[in-house]
Amino acid sequence: MGVTVEVRQVYKYPFEQVVASFLRKYPNPMDKNVISVKIVEEKRDMSTGIIYRKRIAICQNVVPEILRKHSGDGWKKVSILKVPNIQLEEESWLNPQERSMAIQSHCLTWTQYASMKEESVFRESTENPNWTEFIQRGRISITGAGFFNYILETFASTFLRQGAQKGIRIMETLLKEQCGAP
């Protein structure tokens, strides 16, 4: 079945400052779930100016301990939840000329049982060229655990919504520190 979460935010800061803050957002003491972020590939297309980046994030496993403890016969598939950390891959395409950045990310952990994908975009706001619009759509789908799929998807949708709002608050804080109040 799966769950989808969408968030929108207008940052009252210029595109270049918002993107710079996004790229240095993690790791950060305001979100202890993100342990590290490493750039594994970066290149610029000389004809278009587009900068491509691939990053890997290591995050704490946020699945509640109560869901990770079960390991009896009926819960064998759930035992994969016992990992301490999860890995996420993020790819981004920054187009400085068009003042836009597209981002796609997905989970590298639990791929045989879960699909987590996010698509985001930062772009110059249509309301004001000195503002930046952010749109994020995330989808999580769990398979292979029967009724437990629903429980995990419900948890995941709540976590995604809260995580998106936390990410927006962190961005606002970083932007205020970097640029001052809008």
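Where in the protein is confidence lowest, and where is it highest? I looked this up before anything else, since the model is predicted. The lowest confidence falls in helix 2 (residues 65-69), with a mean of 57. The highest falls in strand 5, at 96.

**Entry: confidence**

I took the overall figures next. The pLDDT of the protein averages 86, and 87% of the residues score at least 70. I then checked residues 71-77, where pLDDT stays under 50. For that stretch the model has five contacts beyond four places in sequence.

Seven strands make an open sheet, ordered 1-7-6-5-4-3-2, with antiparallel pairing. Strand 1 (3-11) and strand 2 (34-44) are the edge strands, each pairing on one side only. From one strand to the next the twist averages 15°.

Strand 1 runs antiparallel to strand 7 (residues 132-142), and nine bridges join the two. In this pair Val-5 stands opposite Gly-138 of strand 7.

Strand 2 and strand 3 form a hairpin, and six residues lie between them. Gly-49, in the turn, has a positive phi of about 85°.

**Entry: Arg-8**

The C-alpha atoms of Arg-8 and Ile-135 are separated by 4.5 Å, while the two residues are 127 residues apart along the chain.

I asked which strands helix 1 touches. Helix 1 packs on the sheet and touches strand 1, strand 3 (51-60), strand 4 (85-95), strand 5 (100-107), strand 6 (114-124) and strand 7. The direction of helix 1 makes about 150° with that of strand 6.

Helix 3 also packs on the sheet, where it touches strand 1, strand 6 and strand 7. Its direction makes about 10° with that of strand 1.

**Entry: helix 1 against helix 3**

Two packed helices are described by the angle between their axes and the distance between the axes. I looked up both for this pair. The axes of helix 1 (residues 15-23) and helix 3 (residues 148-179) come within 10 Å, crossing at roughly 120°. The crossing is right-handed.

Which residues make the contact? Helix 1 gives Gln-17, Val-18, Ser-21 and Phe-22. Helix 3 gives Met-171, Leu-174, Leu-175, Gln-178 and Cys-179. I sorted these residues by type and got six nonpolar, three polar and no charged.

The numbering in this contact sent me back to helix geometry. An α-helix has 3.6 residues a turn, so residues three or four places apart point the same way.

I checked the span of helix 3 as well. Its 32 residues reach 46 Å from first C-alpha to last, close to the 46 Å expected at 1.5 Å a residue. Gly-180 follows helix 3 and has a positive phi, near 85°.

Tyr-26 and Pro-27 are joined by a cis peptide bond, with omega about -10°. Pro-27 lies in the loop between helix 1 and strand 2. Arg-99 is not a glycine, yet its phi is positive, at about 55°. I placed Arg-99 in the loop between strand 4 and strand 5.

Technical notes: Residues are numbered from 1 along each chain as its sequence is written. This is a predicted model: local features need pLDDT of at least 70, side-chain atom pairs count only at pLDDT 80 or more; totals for chains, interfaces and linings use all residues. Side-chain values use heavy atoms; hydrogens and water are left out. Axes are lines fitted to C-alpha atoms, for helices over the stretch in contact, and angles run from 0 to 180 degrees between N-to-C directions. Helices (H or I, at least four residues) and strands (E, at least two) are DSSP runs, numbered from the N terminus. A crossing is left-handed if the near helix is turned anticlockwise from the far one by less than a right angle, and right-handed if clockwise. Contact means heavy atoms within 4.5 Å. Ala, Val, Leu, Ile, Met, Phe, Trp, Tyr, Cys and Pro count as nonpolar, Asp, Glu, Lys and Arg as charged, and the others, Gly among them, as polar. The expected span of a helix is 1.5 Å times one less than its number of residues. Two strands pair if DSSP finds at least two bridges between them. pLDDT is the predictor's confidence in each residue, from 0 to 100.
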